[in-house]
Amino acid sequence: MVDRQREIERKYASDESGLPDLTGVAGVEAVIDKGVALLDATYYDTADQRLAASSITLRRRTGGSDAGWHLKFPVAPGVRDELRAPLSDSLPDDLAGLVRSRVRGAELVPVVRLRSARDMSDLVDGEGRLLAEVSVDAVRAERLTGGDGEAQWTEIEVELGDGIDPVFLDTVERRLRKAGVRPSASASKLARALSETAPKARKGTGKKSTAKKSTAKKSTAKSAPASRKPPVTAADHILTYLRAQRDAIVELDPAVRQDVEDSVHSMRVATRRMRGTFRSYGKVLDRAATDPVGEELKWLAGELGVDRDREVLTERLTAALADVPDTLVSGPVGARLGRWADENHGGSRGRLIGVLDSPRYLALLDTLDALIADPPLREAAGKKPGKVIAEAVRKELGKVSWLVEEALESASGSERDLAVHEARKRAKRARYAAEAATLALGSPAKSLATSMKSLQTLLGDHQDSVMTRKTLCELSAVAHTAGESAFTYGLLYGREERRAAAVEAQLPGFWAGIRDGAAAL
């Protein structure tokens, strides 16, 4: 069983003087001494520190009130999501799955052991509510893998209480700074331990150093990696966009496993963005190499879409039914819709986790890494981006234009439904092409991406209506077989027909505005 909570905290460098007096901090009625806890934590990572590179920490800790396995993901500076599992000898499967997109086939090994004496105090208000937990941690770090030696230091940690306004941390920090305490140079204990016990070139015997660092010494933790150089060539711009989508897939993997809202949709969009970019920028990246990767991305998007498509239809049908007066709801329509929505959901969730654990998916992640690290560049890749990228975007826009005109000229009914759907898919691809071009082309590309998103939304409403009507027919048939009234299903079907007709009526003027606005490209 995994417990999840949001951790908001700040860390400060400290010396032997300990915790300054915080009794005068605004809102604090009392500072309650909670005693000293002895904590012993072993941190795990791959030999090449893949988790640390993503600011993720995985540890097994004994001592204190929360002994067990702890996995922390960064959310924002000073904010992390922490997942806890009960203490056990081996890493629980639930936590192992949450780091699999980064670890993949590598082994998790103990890299650092941290032993801390934690002197804890609670800051409480007049009602006894916990505002923050403050601790002075005397830390001793021992490198276990990939480095040598030991380090020790003392730090102050202030963790916000549940439901407390984060502004309170600013109030505490002002008091600490007034007392001469400054923020820590390291984002976490692990980051500092890795830095201070990293391998160092040394002269002489080559023996491992076990000299302790002074507790008053300023942290020597490495600064954040230098940002990548600004893109110059056409390939630089496209690879920057592709890298962001690869990173999104990897980073969203744990959220998808936990069924976090919108995570499946967001990962699916990242796969589509990559695949669309491969196809739009074939003059930059050799499609002989990217097409097979695109097919694997299409497979992943399809697997992610099994639940998502049903979620979209459920939301639409639920909202539509809620808008029908009770007098026009005939039979157990809501109950039947609920059963349909839940049908196979649990099984498909299990299947999706299986996909994310599969060798095929993990191989795809490796392939994406390799492609971005050593891209299959074509001759145009080294050219200046203005001409190459603008030409690709204009080509995509032209194809959207042709498909929209074809949809407008198609006969009403299934022929037009199909044509509108094809135009929507191409608008989506043009949107991604324009997104990838924004850094190179500026506001015209950004404006086009926004316009394509609006067109995609409009045409998507039409496609959702098509799929909703299909579902209503299926539900109506089942209800009729069960001896229930099909009246309400027919009513909803008629309303969906009108929604689709409204989109078709709006499309000519909507498209004319986009076409005129895209003239700047």
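User: How are helices and strands defined here, and where does A106 fall?

Analyst: Helices (H or I, at least four residues) and strands (E, at least two) are DSSP runs, numbered from the N terminus. A106 lies in the loop between α3 (100-103) and β6 (109-124). This is a predicted model: local features need pLDDT of at least 70, side-chain atom pairs count only at pLDDT 80 or more, and totals for chains, interfaces and linings use all residues. Residues are numbered from 1 along each chain as its sequence is written, and side-chain values use heavy atoms, with hydrogens and water left out.

User: How many helices and strands does the protein chain have?

Analyst: The protein chain has 15 helices and eight strands. Its C-alpha trace spans about 80 × 65 × 45 Å along the principal axes.

User: Is A106 buried or exposed, or in between?

Analyst: Buried means under 20% relative accessible area, exposed over 50%, partly exposed in between (1.4 Å probe, protein chains only). A106 counts as partly exposed because its relative accessibility is 27%. Across the protein chain, 47% of the 521 residues count as buried.

User: Which residues does A106 touch, beyond those up to four places away in sequence?

Analyst: Contact means heavy atoms within 4.5 Å. By that rule, and with residues up to four places away set aside, A106 touches T46 and R50. A106 and T46 sit 60 residues apart in sequence, yet their C-alpha atoms are 6.3 Å apart. For the protein chain, take contacts with a separation of 6 or more: 74% of them join residues 24 or more positions apart.

User: How do I read a nonpolar core, and which residues touch the most other members of the largest one?

Analyst: A nonpolar core is a set of buried Ala, Val, Leu, Ile, Met, Phe, Trp, Tyr and Cys residues joined through side-chain atoms within 4.5 Å. The largest has 69 residues; I249, Y281, V284, Y361, M452 and L455 touch the most other members. Helix α13 (residues 414-441) gives the largest share of this core, 11 residues. A second, separate core has 18 residues, including Y12, A132, V134 and I164.

User: Why do the buried residues of α9 line one face of the helix?

Analyst: Start with the list. In helix α9 (residues 333-342), V333, R336, L337, W340 and A341 are buried. Seen down the axis of α9, these buried residues fall within an arc of 140° (taken from the directions from the helix axis to the C-beta atoms), so they line one face.

User: What about S465: where is it found?

Analyst: S465 is in helix α14 (residues 443-481). S465 counts as buried because its relative accessibility is 0%. Neighbours within four places in sequence aside, S465 contacts R316, E496, E497 and A500.
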